[in-house]
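Colleague: I'd like to learn how to read a structure like this one. Could you take me through it?

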Amino acid sequence: MPLIKKLTALAGTAAAARTYMRKNPDKVNKYATKAGAFVDKRTKGRYHSQIDNALNRVRTATRSR
């Protein structure tokens with residue numbers, strides 16, 4: 001697949017994710033927390049600070065404006 005098609009598909013997916021995040025902030029936070037806990041467990045806490053930072057960014061992005 002040519003690069004421009006890949007970038008177009010990625011941009012469309014990102015837009016859909018942002019729309020879903022705005023409409024369902026509680027679900028996004030819930031699943032992000034579950035995913036973070038799963039990854040933290042699988043990596044045996046090696047990347048805990050990076051995972052925590054990513055979860056804080058998700059919480060900030062889904063906060064009501």
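Modeller: Let's start at Lys44, which sits in the loop between helix 2 and helix 3 (48-62); helices here are DSSP runs of H or I with at least four residues, strands are E runs of at least two, and both are numbered from the N terminus. This is a predicted model, where local features need pLDDT of at least 70, side-chain atom pairs count only at pLDDT 80 or more, and totals for chains, interfaces and linings use all residues. Residues are numbered from 1 along each chain as its sequence is written, and side-chain values use heavy atoms, leaving out hydrogens and water.

Colleague: Is Lys44 buried or exposed?

Modeller: Buried means under 20% relative accessible area, exposed over 50%, and partly exposed in between (1.4 Å probe, protein chains only). Lys44 has 72%, so it is exposed. Its phi is positive, about 55 degrees, although Lys44 is not a glycine.

Colleague: And where is Lys41 found?

Modeller: Lys41 belongs to helix 2 (residues 25-42). With 70% relative accessibility, Lys41 counts as exposed.

Colleague: How many helices and strands does the chain have?

Modeller: There are three helices and zero strands, in the order α-α-α from the N terminus. The radius of gyration is 14 Å, well over the 11 Å that the globule rule gives for 65 residues, so the chain is more spread out than a compact globule. That radius is taken over C-alpha atoms, and the rule is 2.2 Å times the number of residues to the power 0.38.

Colleague: What percentage of the residues count as buried?

Modeller: Of the 65 residues, 12% do.
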